[in-house]
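Subject: Structure for you to look through

Hello,

I am passing on a structure that I would like you to read alongside the notes below. Please keep it open while you go through them.

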Amino acid sequence: MKQPMVEGTFEGFLRADGAIGVRNHLVILPVSVCADPLAARLASAYDGTAVALSNHHGCCQIGADYSRTFRVLAGLATHPNTGAVLVIALGCEGVPAEQIVSMVEKSGRPVALVHIQKSGGSRNALEDGLEKLADLDRRMNGAVVRRTAGLADLVIGLECGGSDATSGIAANPVIGWVTDKLVEGGATVVLSETTEIIGAEHILAKRAADPSERKKLIDAVLAVENRAIAAGVDIRGSQPTPGNIAGGLTTIEEKSLGCIYKAGSAPLVEVIGYGTRPTRRGLVFMDTPGQDVESMTGMAAGGAHVMIFSTGRGSPVGFPIVPVVKITGNADTFARMAHDIDVDASRVIEGLELVGEAGEKLMNALVRTCAGELTRSEETGYTAMSILKDEITL
Amino acid sequence: MNGRKHAYYLASSHDNVATALVALCSGEQLVFDTIGSLAVRNDIPFGFKFALGEISKGDPIMKYGEPIGVASCAIKAGELVHVHNVESQRGRGDIAR
């Protein structure tokens, strides 16, 4: 439901823990890959609106993978945009479903659990889940509290996907203009995709006043690069991707130099791990892969309310519970994929629009999105989620 | 030839390549403040780069005022610059260290 805007303010959803959401989702959360099919079935069978998260992990994991999967699930279960949660467990998996349930309860949100094995199997669990969804829906909608919020209440995630030469020339500088305004306004902006700062990390590092954050950034880049080198091949073709290369990007250095324009000129205040929440306000960097879906999943788990995603070749992918505003600097891509892309920055390429003019368009789109206007990927429902996995599956 | 100025993107005076903002045909002339008139030697697709002057094998390719790789062979002024004549210096698991 759209609300009138006054200078970058909007009516958000106030949560019991004081967080403000820009959406109020009824979330179906499978804690393991074996629970995932039921979550998808429930979402499509439910006679109302519920969003199923995807989870292809959550069992037979170890070490950092085990904790990361839990952290991401917990982060999404208590996300500012999450209004209520139906947790789905097979019953024997690694992730402790009751702990997720308990965390959601403590956050003041309605929550219920479907235990597939205890229900007596997939069919019974489907019926059980549909009843519980209806009940959660009623409880969630009966307890809605709205509060006027502004940019300073937001964490905004930045992403680029399907980059081409226009990304570094138009779309990313336009995002950078918005980043600077957001940071000035007290928001937290999250740059990510560690692979896509290889070749530009020295530029970003200089903007970190805190030497320990600077070191964390450089270490994160070297860790990714060394892992890639250990694979024994030239990363070209993986990064940049074949599409990046067909779009004019020759090396990861060139791609990265174009990518960091998204970060504008603000100082870098913090470097954080995958799926963790920023603790400082301003521009932060999250260590994620360059792969868009894993990266967006990490930023969402870290509490990003909304994301801005530049695409040159044309990526339609959004995220289930976080609205993603798509922008392109490629006129041909915008013309062909207008139903997937929100903002056209191609006039900057043509010299017909200044970066700041396109930046205002993007900022307006961002505020309208927070006020309730659906992004293209929310309209199409073309969303994806994938939790980063690094270790062995046992 | 009309010597279009807004047919290319040049980020920095340190750059030795420019990026085509329209598809350019081999032989097309462009005008630059620094080097004057330059004819491209190949068809340059939209978004692809061409050399502003001669680049020797092993020299850095400069864009946005920063190195984006090195020339893997000699490159002539106006020539297409892309994966066939540029090597990256990062993530090279294929070369022994």
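Which residue stands opposite Thr19(B) in β5(B)? The answer is Lys49(B). Before going further, please note that this is a predicted model, in which local features need pLDDT of at least 70 and side-chain atom pairs count only at pLDDT 80 or more, while totals for chains, interfaces and linings use all residues. Residues are numbered from 1 along each chain as its sequence is written, chains are lettered from A and ligands numbered from 1 in the order in which they are written, and side-chain values use heavy atoms, with hydrogens and water left out.

Strands of chain B

Helices (H or I, at least four residues) and strands (E, at least two) are DSSP runs, numbered from the N terminus, and two strands pair if DSSP finds at least two bridges between them. In general, the strands of a sheet pair through backbone hydrogen bonds, either parallel or antiparallel. Chain B has an open sheet of four strands in the order β1-β2-β5-β8, with antiparallel pairing; its edge strands, β1 (8–9) and β8 (80–81), each pair on one side only. Within this sheet, β2 (residues 17–20) and β5 (residues 49–51) of chain B run antiparallel and are joined by three bridges.

Strand β3 (residues 29–32) of chain B is joined by four bridges to β4 (residues 36–39) of chain B, again running antiparallel, and a hairpin of three residues connects β3(B) to β4(B). Here Val31(B) stands opposite Ser37(B). The covered face of β3(B) carries Leu30(B) and Phe32(B), whereas Gln29(B) and Val31(B) are on the uncovered one.

Buried means under 20% relative accessible area, exposed over 50%, and partly exposed in between (1.4 Å probe, protein chains only). Helix α10 (residues 252–259) of chain A is largely enclosed by the rest of the structure, because eight of its eight residues are buried; among them are Glu253(A), Lys255(A) and Leu257(A).

Salt bridges

A salt bridge is a side-chain nitrogen of Lys or Arg within 4 Å of a carboxyl oxygen of Asp or Glu, and the structure holds 23 of them over all chains. One of these joins Arg280(A) to Asp210(A), with the closest N and O atoms 3.6 Å apart. This pair links distant parts of the chain, 70 residues apart, since Arg280(A) lies in the loop between β10 (268–272) and β11 (283–286) of chain A, and Asp210(A) in the loop between α7 (201–206) and α8 (211–230) of chain A. Arg92(B) and Asp94(B) also meet in a salt bridge (2.8 Å, N to O), in which Arg92(B) counts as buried at 9% relative accessibility, while Asp94(B) counts as partly exposed at 38%. Salt bridges that share partners join Asp210(A), Glu213(A), Lys216(A) and Arg280(A) into one network.

Charges over rings

A charge sits over a ring if NZ of Lys or CZ of Arg is within 6 Å of the ring centre and within 35 degrees of the ring normal. The charged end of Arg146(A) sits in this way over the ring of Phe13(A), 3.9 Å from its centre, and that of Lys326(A) sits over the ring of Phe309(A), 4.2 Å from its centre.

Best wishes
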